Amino acid sequence: SIYEMFGNECCLSTGEVIKVIGFKINKLIASICENNEVSRFSAKVELPLNFPGLYKVVADKTPYVSIEEITRKVSIGPTRFGHPCFYSSEDIKLANLTVKHGEQITFNSVEEVNGMMVVNCSMVRNNQSHSFTLPLSQEGKFYECEDDQIYTLKEIAEWKIPKCRNRIVKLSNTLQVWDSSNPLPENFDGHLILTPVYEVQAVMKFRKDIVHILSDLDVEVKDITDCYDISSFLQPLSLEDVFERTSKEFPMVAEIMEGPSGGQKPYNLLYMGKEIVIYKKYQATRVLASEIRSDSPKRHFLIPISYKGKFKRRPREFPTAYDLDIARSEKEQLHVVATRAFDSPHKELFSVSVGDQFLVQQHQTSEVLYEGRKKIIDVLACEQILSDTYKKVLLPMYMEGGFVEVIHDKKQYQLSEICKEFHLPFNVKVSVRDLSIEEDVLAAVPGLRFEEEITDSYLLISSTSSPVESWEIPVYRLNMLVHLLSKDVQTVIPPVTKTTVEEISEEQYYMVRRYENQTLHPPPRPPKNPT
């Protein structure tokens with residue numbers, strides 16, 4: 001049988017031995033959904049996995065009848081996507097705990113304990129976490145919990161579509177302007193039923209690449225696993241697989257079996273057949289930055305703290321007095337100009353006109369008269385700048401107006417200095433580009449907003465043929481497969497690390513912010529008008 005996939009012809013000869021290494025969703029067939037059923041007027045459309053947009057997953061109403069069925073059909077793994085949540089329709093009595101019906105159970109991993117396969121689970125009750133195991137033989141009715149996260153189509157395909165089931169999703173954000181090439185209706189914001197189309201991933205004995213075979217290919221095969229030495233095949237590893245290796249196993253030499261797509265440096269150097277040294281795995285800090293512009297789409301970047309360029313400050317904008325309070329610091333006094341007028345409903349508080357200038361002082365409370373009664377409210381103490389003097393004024397914290405910062409600081413800052421001395425978010429522009437980078441993409445951006453510091457997983461690699469520099473590659477944003485070589489690493493000390501500014505897509509930007517903020521408590525909402 002001869003077939004063509006992605007422009008590559010592949011021949012499956014009679015007697016060819018193939019090692020199947022996985023199944024993967026190749027594309028999705030989408031139908032518009034009404035009342036959990038395919039709409040009578042909906043045509044089926046084909047969506048590639050990189051189709052733009054963010055989606056919410058609708059919980060499947062069909063129960064699973066055992067823990068074993070869940071482990072067979074649902075992805076459970078060590079990454080942040082691989083922790084699905086279910087609830088039981090009946091109480092589950094364990095040795096030292098009873099899981100009540102309707103309580104959310106998080107499935108963390110599958111392992112063998114004393115010869116029996118179990119799922120490591122956890123649940124939260126009264127703000128206290130409980131860990132326990134459930135045997136695969138446990139029967140009952142287990143339903144998916146509602147999921148309030150948002151996902152890309154690729155994430156849904158990899159982690160959120162159970163085997164032998166479809167998935168209903170709700171479009172949350174389109175992330176692109178609609179045009180005639182979009183297979184979905186204009187302004188569509190409804191539900192879709194996604195039906196997966198699978199491909200088989202395999203390796204052949206005399207090929208060093210991954211073979212992709214569509215699941216509907218008409219070919220007969222026979223299972224010979226029990227009578228064949230499978231160690232003679234290459235073992236493909238994803239970057240996540242490599243990252244899960246123990247630190248003692250590094251450094252290691254690997255050959256790329258499938259390189260990442262895209263021409264962004266240094267990823268364009270990571271092509272099939274290239275040999276690399278993987279020195280170590282670690283967590284590294286990045287500053288998430290977005291282009292300052294009023295229209296969309298904005299560009300987004302992850303900047304390493306080692307970035308050697310310099311920045312000058314740019315004015316920040318503040319929509320409320322509450323935002324001024326958050327932004328003020330002990331290091332310097334915040335000087336702002338009002339861009340919107342505000343009439344105070346209380347004579348004790350100040351009414352703002354466009355162009356008024358203020359020095360922000362401190363957060364305090366004040367007594368105001370409201371409907372004949374005295375009331376204590378939060379206010380922001382400021383000094384209004386007049387032509388020859390200063391006037392102490394109080395602004396209500398709930399005030400919705402508009403302010404823009406006046407910058408007096410002309411100093412040029414390194415990125416590490418900004419992270420140490422100022423609260424993020426923080427507005428800047430590049431004043432001196434990083435000369436160690438061949439093409440500093442940040443230098444061409446008129447303004448940047450540093451949003452937050454994030455921590456992410458990286459591998460440090462270099463080329464075996466010319467190890468003059470090393471690069472940090474992100475584990476969870478780079479699709480790459482390698483196989484390990486039994487070669488000695490010539491030098492265990494990595495060469496100098498090349499600074500890489502990573503430009504990320506709109507979807508990746510939302511993902512980075514989503515996972516970074518999962519562990520953070522949201523800031524308190526600004527006080528409301530006391531009405």
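Student: Which residue forms a salt bridge with E291, and how far apart are the closest N and O atoms?

Tutor: E291 pairs with R293, and the closest N and O atoms are 3.6 Å apart, where a salt bridge means a side-chain nitrogen of Lys or Arg within 4 Å of a carboxyl oxygen of Asp or Glu. This is a predicted model, in which local features need pLDDT of at least 70 and side-chain atom pairs count only at pLDDT 80 or more, while totals for chains, interfaces and linings use all residues. Residues are numbered from 1 along each chain as its sequence is written, and side-chain values use heavy atoms, with hydrogens and water left out.

Student: Is E291 buried or exposed? And what about R293?

Tutor: E291 has a relative accessibility of 9% and therefore counts as buried, whereas R293, at 33%, counts as partly exposed. Buried means under 20% relative accessible area, exposed means over 50%, and partly exposed lies in between, with a 1.4 Å probe and protein chains only.

Student: How many salt bridges does the structure hold? And which parts of the chain does the E503 and R299 pair link?

Tutor: The structure holds 25 salt bridges. In one of them the side chains of E503 and R299 meet at 2.9 Å, N to O. That pair links distant parts of the chain, with E503 in strand β33 (residues 502-504) and R299 in the loop between β20 (275-291) and β21 (300-304), 204 residues apart. The names of helices and strands refer to DSSP runs (H or I, at least four residues, for helices; E, at least two, for strands), numbered from the N terminus. E503 is partly exposed at 29% relative accessibility, and R299 is partly exposed at 30%.

Student: Which residues are linked in a network of salt bridges?

Tutor: R313, R316, E332, E405 and D409 are linked in such a network.

Student: Switching to sheets, what is the strand order of the one that holds β23?

Tutor: That sheet is open, with 6 strands in the order β23-β28-β24-β25-β26-β27 and antiparallel pairing; two strands pair if DSSP finds at least two bridges between them. The edge positions belong to β23 (317-320) and β27 (390-396), each of which has a single partner strand, so one side of each is left without a neighbour in the sheet. Neighbouring strands are turned by 40 degrees against each other on average, direction ignored, with the axes being lines fitted to C-alpha atoms (for helices over the stretch in contact) and angles running from 0 to 180 degrees between N-to-C directions.

Student: How many bridges join β24 and β25?

Tutor: Strand β24 (residues 335-338) and strand β25 (residues 357-370) pair in the antiparallel sense over 3 bridges, and V337 stands opposite Q357 in β25.

Student: Which kind of peptide bond joins F250 and P251?

Tutor: The bond between F250 and P251 is cis, with omega about -5 degrees, and P251 is found in the loop between α3 (239-243) and β19. The bond from L424 to P425 is cis with omega near 5 degrees.

Student: Last one: is M257 buried or exposed, and what does M257 touch?

Tutor: M257, in strand β19 (residues 252-258), is buried, with a relative accessible area of 0%. Not counting residues up to four places away in sequence, the residues that M257 touches include V203, K208, L234, M272 and H483, with contact meaning heavy atoms within 4.5 Å.
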